[in-house]
Amino acid sequence: MREVTDPLLDLVRWHSEPVVAQTLRSTVAAVISYVVALLLSSEPAPLTAPLTALLVVQVTLYTTLTTSVRRVNAVVVGVVIAIGFSSLVGLTWWSLGLIILASLVIGRFVRAGEFVPEVAISAMLVLGVTTTRVAATAWDRVLETLIGAVVGLLFNMLFVPPLWVQPASEAIEGLAARMSRLLLSLGEEMTGHTPVAEAAARLHEARRLDHDIVQVDAALRQAEDSLRLNPRVKEGLLSRVVLRTGLDTLEISAVVLRTVCRTLTDLAKARTDEALFPAALGTALQELFGHMARAVESFAVLITTQVSANAEEAEERLGQELAASRESRETVAHLLLDGVQEHPRQWQLHGALLAEIDRILDELDVTKRSERLVEELNRHAREQREKYPLVDKLRGRLRLGRPGSRVTDVAD
């Protein structure tokens, strides 16, 4: 039975992947735009339309809209430049160079974005035809571009692009899992002798988290774009802020964790023939790092879960692990103080280790997370009011016109 079930499950997962859905959507949109262009354009092979559709049908609706505007803008500007040049000069090596230079410069001024080369490409293609065909070819190219852009937009509005929140959530949880494993590994080193090479290996592992954070940030940016202007999402802003602030917290914690590894490596260099800590203190530190590891994983589950019941459960687990961590931290602090008073060697490293632990626990704190969410939502509301003052004034008048209404500073 397993031999039959597993391939079927793999096929279902393959079809549900956002990458597969995006590939199929781009292909269908390109074919539709080509068929429409054949009916409306005089060109025998209007390939500009499917090319535009491929570029326009992005992985998110937000990027589709912005890409469409920039691409149509680039093509129209390139066509206008080519028409102007064709009425003055023909196609020579110096006129080609001049039109490329002018197109690239003007493309920057008209804010074509990543489609600045498209301005020069459009101008060259139009300039390359005979003088009698310049006007017809120019406007055919504009028409094909418009067809591709419109088909791409309509296709994305009718068949909304997939949300990329799940891949971003999995990336965040993967980062938290790697941080948790590193904390558990550090805890195991506390109860015995730790060679310098082993401590240095943990430090290199902590440094590799920076590369992981870059990849998670890229996945999160894509997820944020997929939430913008998406009709299937009711609270897109809140979801974006929750994920972004959560990643910021993990990033800060990863930096502090790297400092912890640096402190322990320095301590290992100073104690090459003995354990890093006495037995009782080592056991207490191992317990503390264990609670911190589970707190990091619970924090990741809290910010990535989409079900309120699961979020409450994750928040409860996070609170329990943080409370246990703080209790263990107090035990460690007393043992560290007693140890330093008896043997004051490398006392500064002991104090640094305790301060770094406090910083991680402070970043993961539930109350601080709620305050950060409110700050980000209010900041976004202020930015929207400053960016669109007329819309804000209209909203204010509508709220004041309602019986019993009052204006509040919330992010909507």
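Select Arg240 first. Arg240 counts as buried, at 13% relative accessibility. Buried means under 20% relative accessible area, exposed means over 50%, and partly exposed lies in between (1.4 Å probe, protein chains only). This is a predicted model, in which local features need pLDDT of at least 70 and side-chain atom pairs count only at pLDDT 80 or more, while totals for chains, interfaces and linings use all residues. Residues are numbered from 1 along each chain as its sequence is written, and side-chain values use heavy atoms, with hydrogens and water left out.

Now show what surrounds Arg240. Leaving aside residues up to four places away in sequence, Arg240 touches Glu224, Leu227, Arg228 and His380. Contact here means heavy atoms within 4.5 Å. Arg240 lies in helix 11, residues 236–270. Helices are DSSP runs of H or I with at least four residues, strands are runs of E with at least two, and both are numbered from the N terminus.

**Along helix 11**

Stay in this helix and select Arg262 and Asp266. Arg262 forms a salt bridge with Asp266, and their closest N and O atoms are 2.9 Å apart. A salt bridge is a side-chain nitrogen of Lys or Arg within 4 Å of a carboxyl oxygen of Asp or Glu. Why is the separation of Arg262 and Asp266 about one helical turn? Because they sit four residues apart in helix 11. Arg262 is partly exposed, with a relative accessible area of 29%. Asp266 is also partly exposed, at 28%.

**Between helices**

Next, select Arg294 and Glu321. Their side chains meet in a salt bridge (3.5 Å, N to O). This pair links distant parts of the chain: Arg294 is in helix 12 (residues 279–304), Glu321 is in helix 13 (residues 308–342), and they are 27 residues apart.

The side chains of Arg329 and Asp358 meet in a salt bridge at 2.7 Å, N to O. Arg329 is buried, with a relative accessible area of 16%. Asp358 is partly exposed, at 29%.

Then select Arg359, Asp362, Glu363, Lys368 and Arg372. Salt bridges link these residues in a network. A search of the whole structure finds 17 salt bridges.

**A surface patch**

Switch to a surface view and select Trp93, Trp94, Leu98, Leu101, Val105 and Phe109. They form a nonpolar patch with about 760 Å² of accessible area together. Patches are made of residues with over 30% relative accessible area and no salt bridge; like charges are joined within 9 Å, and nonpolar side chains (Val, Leu, Ile, Met, Phe, Trp, Tyr) within 5 Å. Accessible areas come from the Shrake-Rupley method with a 1.4 Å probe, and for residues only the protein chains shown count as cover. Pick out Leu101, which lies in helix 5 (residues 93–109). Leu101 counts as exposed, at 53% relative accessibility.

**The whole chain**

Finally, zoom out. The protein chain has 16 helices and zero strands. Of its 412 residues, 44% count as buried. Among contacts between residues at least 6 apart in sequence, 79% join residues at least 24 apart. The accessible surface comes to about 22,000 Å², and 61% of that belongs to carbon and sulfur atoms.
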